[in-house]
Amino acid sequence: MKKKIIFTEKAPAPIGPYNQAVLIGNTLYTSGQIAINPATNELVLDSIEIETKQVMENLKAVLEAAEMNFEDVIKASIFVMDMNDFSKINTIYGSYFNEKTAPARETVQVACLPKNVNVEISMIAIK
């Protein structure tokens, strides 16, 4: 199978040697998204809720560029700077999914994230 690179201007452009997502067959692997507003290229760090919403909107744009949506997501990885923010992040994250069909997930506290953001999320989806 040949890989297809997924790119949309509705999500932040990569800031290194990677792509927003790669599609192999019917499986999509997204790169981690942080809270960069693609229209301004500025970080959105007003609150953990607003930051998480921007991350999820960026992921939504990448999924849509691959003709997918959150119902197609089978696995999510959430990286957080402070596990004390988990419940707020989880509330925003959860609003994008049907709880009964939500994907598998792990949430990990890390020492540092790109650009010193508070949350980064990546996903795997299958159509």
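**A note on the core, strands and side-chain pairs**

1. Thr-27 lies in strand β3, which covers residues 27–30; helices (H or I, at least four residues) and strands (E, at least two) are DSSP runs, numbered from the N terminus. This is a predicted model, in which local features need pLDDT of at least 70 and side-chain atom pairs count only at pLDDT 80 or more, whereas totals for chains, interfaces and linings use all residues. Residues are numbered from 1 along each chain as its sequence is written, and side-chain values use heavy atoms, with hydrogens and water left out.

2. Is Thr-27 buried or exposed? At 12% relative accessibility Thr-27 counts as buried, where buried means under 20% relative accessible area, exposed over 50%, and partly exposed in between (1.4 Å probe, protein chains only). Leaving aside residues up to four places away in sequence, Thr-27 touches Val-22, Ile-124, Ala-125 and Ile-126, a contact being heavy atoms within 4.5 Å.

3. Thr-27 also stands opposite Ile-126 in β8, and the strands concerned, β3 and β8, pair in the antiparallel sense over three bridges; two strands pair if DSSP finds at least two bridges between them. β8 pairs with β6 as well, in the antiparallel sense and over seven bridges, and there Val-119 of β8 is the bridge partner of Val-80. Six of the eight residues of β8 are buried, so this strand is largely enclosed by the rest of the structure.

4. The largest nonpolar core has 30 residues, of which Leu-28, Met-56, Phe-70, Ile-121 and Met-123 touch the most other members. Such a core is a set of buried Ala, Val, Leu, Ile, Met, Phe, Trp, Tyr and Cys residues joined through side-chain atoms within 4.5 Å. Two or more residues of this core come from each of β2 (21–24), α1 (48–65), β6 (73–80), α2 (86–94) and β8 (119–126), and α1 gives the most, with seven residues. Not counting residues up to four places away in sequence, Ile-121 touches several residues, among them Val-55, Met-56, Leu-59, Ile-78 and Tyr-93.

5. Helix α1 has 18 residues and reaches 26 Å from its first C-alpha to its last, close to the 26 Å expected at 1.5 Å a residue; the expected span is 1.5 Å times one less than the number of residues. Its buried residues include Ile-48, Glu-51, Val-55, Asn-58 and Val-62. Thr-52, which also lies in α1, is buried with a relative accessible area of 0%, and beyond residues up to four places away in sequence Thr-52 touches Ile-89, Ile-92, Tyr-93 and Val-119. After the helix comes Glu-67, whose phi is positive, near 60°.

6. The structure holds three aromatic pairs, where rings of Phe, Tyr and Trp (its six-membered ring) pair if their centres lie within 6.5 Å, and planes under 30 degrees apart count as stacked, over 60 as edge-to-face and the rest as tilted. The rings of Phe-70 and Tyr-96 have centres 5.2 Å apart and planes at 65°, so this pair is edge-to-face. The pair links distant parts of the chain, 26 residues apart, with Phe-70 in the loop between α1 and β6 and Tyr-96 in the loop between α2 and β7 (104–109). Phe-70 is buried, with a relative accessible area of 9%. The rings of Phe-70 and Phe-97 are likewise edge-to-face, because their centres are 5.3 Å apart and their planes stand at 75°. Ring pairs link Phe-70, Tyr-93, Tyr-96 and Phe-97 into a cluster.

7. How many salt bridges does a search of the whole structure find? The search finds three, a salt bridge being a side-chain nitrogen of Lys or Arg within 4 Å of a carboxyl oxygen of Asp or Glu. Glu-57 forms one with Lys-53, the closest N and O atoms being 3.8 Å apart, and these residues, four apart in helix α1, are separated by about one helical turn.

8. The side chains of Lys-127 and Asp-72 meet in another salt bridge (3.8 Å, N to O). Lys-127 lies in the segment after β8 and Asp-72 in the loop between α1 and β6, so the pair ties together parts that are 55 residues apart in sequence. Lys-127 is exposed, with a relative accessible area of 56%, whereas Asp-72 is buried at 13%. Glu-106 and Lys-75 also meet through their side chains in a salt bridge (2.3 Å, N to O), which links strand β7, where Glu-106 lies, with strand β6, where Lys-75 lies, 31 residues apart.
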